[in-house]
Amino acid sequence: MISSRLQPESLPEPEPGRSLWQDARRRIRQNPVAMTSFLALVLIGAFAVLGPLLSDWSSEDINWNVLGNVETAGRPALGSGHYFGTDQLGRDLFVRTAHGVRVSLMVGIIGALIAIVVGTLYGTIAGYVGGRTDNIMMRTVDVIMSIPYMFVLIILLVIFGQSMILLFVGIGLVSWLDMARIVRGQTLSIKNREFVESAVVIGVPPALIILRHILPNLVGVVIVYATLLIPNMIIFESFISFLGLGIQEPNTSLGVLISEGASQMQYGVLWQLGFPLFFFIVIQFGFFFLGDGIRDALDPKDRH
Amino acid sequence: MTALLEVDNVTVEFSLRGGPVPGSPSRDRFAALEGVSLELAERETLGIVGESGSGKTTLVRAIVGMVPIQKGRIVWKGSDLSGTDPDSRRRIRKDMSMIFQNPLASLNPRMTIGQIIAEPCQVHEPHASRAEIRRRVAETMERVGLAPALVNRYPHEFSGGQCQRVGIARALIGRPKLIICDEPVAALDVSIRAQIVNLLKQLQDEFGISLIMISHDLSVIRHVSHRIMVMYLGHVMEMLPSGHLLQNSCHPYTRALIESVPIPDPSIQKAREMRTIKGELPSMRNPPSGCRFTTRCPIARDRCGDSRPALLEAGPGHWLACPYCDPPPGLKTG
């Protein structure tokens with residue numbers, strides 16, 4: 001019989017294991033594109049948070065000396081303190097761009113977070129319980145998806161007036177739908193793997209099976225999809241703002257800045273479009289390449 | 001000798017539209033298992049053999065309660081499993097555990113093997129302290145031949161044989177009375193098979209466990225089992241003590257299984273009279289009437305399709321569901 005001959009203190013020091021996460025981290029460090037993207041995103045994040053400290057201006061101050069002569073006096077220059085120039089009202093574009101990046105990133109990240117929490121929960125439950133529950137839950141998703149949400153959101157914004165909260169509600173409504181579908185599909189395939197079966201035989205309660213056996217095996221897919229969702233959400237917000245329905249003055253976002261810059265293009269103030277657009281594009285590419293890199297790192301066999 | 005486990009005339013039906021559904025009309029259902037009975041004593045090993053689709057896995061899944069049964073009962077130490085409340089069923093589950101075919105796939109890739117082995121403990125003994133669980137994990141690992149220092153490793157860092165040892169440790173840690181092994185060595189190298197099979201035998205002797213072993217490797221089954229049950233399309237064809245398998249088995253299906261084992265000597269293999277069965281397993285949707293083996297049986301007669309032959313005692317501990325085959329050669333002489 002096994003006896004207690006093995007006392008806890010006599011146990012040898014356990015050797016450290018190499019988890020799949022550690023493997024993935026090692027692989028992504030060797031991926032130059034993903035690491036460059038990550039670095040660019042970190043720098044942009046630092047710019048969004050710390051940038052305003054480098055300037056004497058705030059995002060709402062109007063430089064009255066520039067007003068009316070933006071084309072020449074509001075040019076980007078180190079001497080004037082307007083590193084990125086000013087907008088058509090004489091407000092410092094450097095600080096406003098930092099502000100816009102901050103708002104856009106926030107919108108993207110909040111949208112992704114809603115997708116992660118709601119979509120993952122919804123998808124795992126539908127997939128794991130299965131049967132009629134699954135059918136009802138997923139058909140509901142289909143119905144919500146079939147509604148032209150952009151149209152609905154525009155009507156809502158027109159009726160209730162523009163507000164950040166309504167924008168987040170709109171983003172929250174649409175962002176989790178695709179996630180729920182993806183997660184459900186993954187859950188269905190994980191549910192039939194032998195280790196879940198063995199947990200069922202052991203008698204692990206269903207909630208614990210979802211928590212311990214299904215969710216950790218979903219995390220990879222969820223992270224990748226969330227990373228790819230952030231730029232989509234930023235585009236979504238930019239589009240609403242571009243139409244003039246999203247973020248309100250004096251608050252700003254990349255979409256608002258690009259929209260304003262585009263409307264001033266013909267007056268020789270191209271920097272008003274150029275700087276916000278540059279950050280917008282770098283953020284988009286950064287998240288796409290980072291998401292791609294994470295996917296490759298988590299699933300090396302899947303690489304083509 | 002009272003039986004530890006009794007399976008009495010059990011039928012499991014599946015709906016063709018997925019999953020076992022009791023209410024669906026009969027044309028949408030087929031019986032994966034029909035009227036199967038068996039008894040298992042303490043410390044006994046029962047081997048189950050049969051082709052893919054013969055219902056072996058369905059039978060053990062019905063025993064552990066993963067598929068509902070339509071008819072019959074499963075009795076564990078005198079209490080009917082289908083009648084007991086969920087609480088005592090969970091307690092019974094503690095006494096049963098299972099080892100799976102694919103060692104790596106049966107281990108969660110995101111958990112360390114320490115967490116994997118400890119899981120039955122945490123579920124069935126929620127009051128056990130962490131130190132206590134850690135000590136038992138280490139003991140069990142050592143017992144199945146894994147170094148306790150490996151607790152924090154992950155399944156993908158192990159070989160197939162080691163993964164199967166982890167699976168055995170997980171099955172063993174709750175001190176079960178019965179371990180069900182669903183093709184425990186089919187996915188392993190031949191060189192590892194003997195180690196795992198012998199480990200299972202040792203553990204059985206040491207802890208007095210009963211085993212149900214599914215395999216299609218007759219040599220493994222014969223080596224570990226006390227009795228062997230031969231299944232075909234959800235019916236029991238023959239059941240006999242494993243020592244009698246080669247000489248005394250007489251069901252045409254059992255003989256065909258024995259004769260289909262290749263002999264690793266070309267001269268003998270070529271000279272053998274090949275009486276292997278031909279054709280595919282018939283569809284479960286439309287199984288042959290009467291004896292289910294009629295369509296492929298070398299000695300089938302017209303009457304075989306009329307009614308299902310009863311499982312009758314043909315000798316001591318030897319049960320046979322074929323009235324026409326030759327009497328066991330061993331009995332003829334003795």
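**Interface, cores and salt bridges of the A–B model**

The backbone nitrogen of Asn102(B) is reached by the side chain of Glu194(A) at 3.3 Å. The structure is a predicted model, and the distances below are computed from its heavy atoms. Glu194(A) belongs to helix H8 of chain A. Its relative accessible area is 19%, under the 20% limit, so Glu194(A) is classed as buried. Besides Asn102(B), Glu194(A) touches Phe100(B), Gln101(B), Ala105(B) and Ser106(B), with residues up to four places away in sequence not counted.

The contact between the chains draws on 33 residues of chain A and 38 residues of chain B. The size of an interface is often expressed as the accessible area lost when the parts come together. For chain A and chain B the buried area is about 3500 Å², with 60% of it on carbon and sulfur atoms. Polar contacts across this interface comprise 12 residue pairs, both residues of each pair being at pLDDT 80 or more. On the side of chain A that touches chain B, helix H1 (20-29), helix H8 (194-202) and helix H9 (206-242) each supply at least two residues. The largest share comes from H8(A), with 7 residues. Sorted by class, this side of chain A has 16 nonpolar, 8 polar and 9 charged residues.

Across the interface of chain A and chain B, 2 salt bridges are found. One is formed by the side chains of Arg61(B) and Glu197(A), at 3.2 Å from N to O. Arg212(A) is partly exposed, at a relative accessible area of 23%, whereas Glu119(B) is buried at 1%.

Over all chains the structure holds 19 salt bridges. Within chain B, Glu44(B) pairs with Arg227(B), the closest N and O atoms lying 2.6 Å apart. Glu44(B) sits in the loop between strand E2 (29-41) and strand E3 (45-49), and Arg227(B) in strand E9 (residues 227-232), so this pair ties together parts of chain B that are 183 residues apart in sequence. Both Glu44(B) and Arg227(B) are buried. A further salt bridge joins the side chains of Arg296(B) and Glu51(B), at 3.3 Å from N to O. Arg296(B) lies in the loop between helix H10 (266-271) and strand E11 (312-315), and Glu51(B) in the loop between E3 and H1 of chain B; the pair therefore ties together parts 245 residues apart in sequence. Arg296(B) counts as buried at 11% relative accessibility, while Glu51(B) is partly exposed at 23%. In chain A, a network of salt bridges links Arg139(A), Asp142(A) and Arg181(A).

Helix H1 (residues 56-63) of chain B is largely enclosed by the rest of the structure, because 6 of its 8 residues are buried. These are Lys56(B), Thr58(B), Leu59(B), Val60(B), Ala62(B) and Ile63(B). Just after H1(B), Gly65(B) adopts a positive phi of about 85°.

The largest nonpolar core has 92 residues, and its members Leu5(B), Leu59(B), Leu178(B), Ile212(B) and Met229(B) touch the most other members. With neighbours within four places in sequence left aside, the contacts of Leu178(B) include Leu4(B), Leu5(B), Leu40(B), Trp76(B), Met96(B), Ile209(B), Leu211(B) and Ile212(B). Also in contact with Leu178(B) are Asp95(B), Ser97(B) and Ser210(B). A second, separate core of 66 residues has among its members Leu41(A), Val101(A), Leu153(A) and Met233(A).

Two further buried residues of chain A lie in helices. Arg96(A), in helix H4 (residues 93-129), is buried with a relative accessible area of 0%. Not counting residues up to four places away in sequence, Arg96(A) touches Ser59(A), Asp87(A), Arg91(A), Glu249(A), Pro250(A), Thr252(A), Leu257(A) and Glu260(A). Gln284(A) is part of helix H11 (residues 271-298) and counts as buried at 8% relative accessibility. Under the sequence exclusion of up to four places, Gln284(A) touches Pro231(A), Ile234(A) and Ile235(A).

Note on methods
Residues are numbered from 1 along each chain as its sequence is written. Chains are lettered from A and ligands numbered from 1 in the order in which they are written. This is a predicted model: local features need pLDDT of at least 70, side-chain atom pairs count only at pLDDT 80 or more; totals for chains, interfaces and linings use all residues. Contact means heavy atoms within 4.5 Å. Buried area is the accessible area (1.4 Å probe) that two parts lose on being put together, summed over both. A salt bridge is a side-chain nitrogen of Lys or Arg within 4 Å of a carboxyl oxygen of Asp or Glu. A polar contact is a pair of N or O atoms within 3.5 Å; within protein, one must be able to donate a hydrogen and the other to accept it, and residues adjacent in sequence count only if both atoms are side-chain atoms. Helices (H or I, at least four residues) and strands (E, at least two) are DSSP runs, numbered from the N terminus. Ala, Val, Leu, Ile, Met, Phe, Trp, Tyr, Cys and Pro count as nonpolar, Asp, Glu, Lys and Arg as charged, and the others, Gly among them, as polar. Buried means under 20% relative accessible area, exposed over 50%, partly exposed in between (1.4 Å probe, protein chains only). A nonpolar core is a set of buried Ala, Val, Leu, Ile, Met, Phe, Trp, Tyr and Cys residues joined through side-chain atoms within 4.5 Å.
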